[in-house]
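Here are my notes on the model, written for someone opening it for the first time. Please read them with the structure at hand.

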Amino acid sequence: MERTAQSVSRFFSLRKKKRKEKKKQNDWAFPEELCRRFTLAEISAATQCFDQTLCIGKGGFGTVFKGRIKVDGDEGRIDVVAIKCFSKYSRHGVSQFRAEVQLLCQLRHPNLISLIGFCQENGECIIVYDYMPNGTLSDYLFHPANIKNKDPFPLTWKQRLKICIGVARAIHYLHAGVKHAVIHRDVKCSLVLLDQNLVPKLSGFALSKMGPPVLSNVLIKLNSRVSGTIGYLDPEYALSGELTEKSDVFSFGMVLLEVLCAKSVSREILECGERGETFPAMIDPFLMGKVAPDCLKKFMNITVRCARGTGAERPTMGEVQVELECALELQESADAVKQLKEFGTGASTSLVPLPAHDMEDYTYENISFSEINETFCNMYLRESFSTDEAASVDSIASLDSNREAIT
Ligand SMILES: Nc1ncnc2c1ncn2[C@@H]1O[C@H](COP(=O)(O)OP(=O)(O)OP(=O)(O)O)[C@@H](O)[C@H]1O
């Protein structure tokens, strides 16, 4: 008798638990007033039944299709959109989908990807975003062949600087411009999308974390499962599991480095580390002769400081943004002076890129390709990971003294 009572009570408590779980699943706060909820039929029509020829990318969380959809309901205009279908086989797929929708619909910034809507039906979890015709920053830097129907010409230095400034603004907004600070946790070149004017839009919020209200906490600390992308992952966070906004600063430092080298540095550094070698960082040869020394010095200095070993030693994203804007100003004024000089001497403008084989002989204000690269290799990551800024500043200073010796 007692046993029967126990079984009955276990049955009811199990049923209650299951109902509670189901309620929790259906109950997530649908942000329908902030973005549109699409039906699966609408998504299916937009992607021509998930036609593989419309697939524009595959990521860790699912497949992305290009589609055409009526954004404002039946009467609305038809927009080209990117449709991300979260993988059903991912263990955390549903929770990451929800986290991204709930977060992204509350965020608005010109350098963040815009969420148009979502669909959750028949076990499918789908997010609809603005379509970015220029793909990702990593395509431009590492896989130009992926840039279809576009001139695969490398990004100019000023374009790169402007992209970095845009991404810095987006991260600064996440850290300090919203009521509850957000830590992105996955800042990397493949999550920087580029619109038709190469304006960057930071995407990929599936791993992001919201912290306490900005004004009440100077430093956001969250103890959560370590997540991110190897190579961009802040070593301090990886070791301690303690997340602060400075982890995004570290990842952004790796982005800056990749922008300068046009190489997947984050991966190569690890491979070199495994072999016990120092990473031979090289400035993208395409940039030779186009980066003003003062601008390069500033840019390297920001990069090294972002990638320092501990968060406390890294700058805030606000500081990074201002300093990058300053680097752009340095470049613009140096270019103006240079053009003026060339105009005076009747020389042709050097802003036109030279063929790759000429790079070795090419100089900017008398600093040669090999000198800049040598200095860069010497100062590089050993300093940033050992957090010895003096060494990196010395290296940069030696770049300056080289310049003076030659001019
Ligand atoms: N809004 C968009 N517009 C245009 N292309 C996009 C858009 N979103 C994603 N893509 C393409 O789909 C690919 C996969 O996107 P996804 O967001 O899954 O990123 P990912 O780089 O694989 O990162 P993760 O590690 O977060 O999975 C991107 O590399 C990009 O080429």
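**Notes on the model**

1. Strand β5 (residues 115–121) pairs with β6 in the antiparallel sense, over 6 bridges. Strands here are DSSP runs of E with at least two residues, helices are runs of H or I with at least four residues, and both are numbered from the N terminus. Two strands count as paired if DSSP finds at least two bridges between them. Within this pair, L115 stands opposite Y129 in β6. The hairpin of β5 and β6 has 2 residues between the strands, and N122 there takes a positive phi near 50°.

2. Some ground rules apply throughout. The model is predicted: local features need pLDDT of at least 70 and side-chain atom pairs count only at pLDDT 80 or more, while totals for chains, interfaces and linings use all residues. Residues are numbered from 1 along each chain as its sequence is written.

3. What else pairs with β6? β4 does, in the antiparallel sense and over 5 bridges. K84 stands opposite I127 in β6. Of the 7 residues of β6, 5 are buried, so the strand is mostly covered. Buried means that 20 or more other C-beta atoms lie within 10 Å of the residue's own; with 12 or fewer it is exposed, and in between partly exposed, the C-beta atoms being placed from the backbone.

4. β4 also pairs with strand β3 (residues 62–70): 9 bridges join the two, which run antiparallel. Here G67 stands opposite V81 in β4. These strands belong to an open sheet of 6 strands with mixed pairing, in the order β1-β5-β6-β4-β3-β2. Its edge strands are β1 (36–37) and β2, each of which pairs on one side only.

5. Which strands each supply at least two residues of the shell around the ligand? They are β2 (55–59), β4 (78–86) and β6 (124–130). The largest share, 3 residues, comes from β2. The shell has 21 residues, of which G57, G59, G60, A82 and S190 come nearest to the ligand. A residue is near a molecule or strand if its C-beta atom, placed from the backbone, lies within 6 Å of it.

6. By class, the shell divides into 10 nonpolar, 8 polar and 3 charged residues. Nonpolar covers Ala, Val, Leu, Ile, Met, Phe, Trp, Tyr, Cys and Pro; charged covers Asp, Glu, Lys and Arg; the others, Gly among them, are polar.

7. The domain assignment gives domain 1 (29–130) and domain 2 (137–391). The contact between them takes 11 residues from domain 1 and 16 residues from domain 2. On the side of domain 1 that touches domain 2 there are 7 nonpolar, 3 polar and 1 charged residues. The shell around the ligand draws at least three residues from each domain. The bounds come from an automatic or database domain assignment.

8. Helix α7 (residues 246–261) has 16 residues, and 16 of the 16 are buried. A262 follows α7 and has a positive phi, near 55°.

9. For the chain as a whole, there are 13 helices and 14 strands. Buried residues make up 39% of its 407 residues. Of the contacts with a separation of 6 or more, 67% join residues 24 or more positions apart. Contact means that the C-beta atoms of two residues, placed from the backbone, lie within 7 Å.
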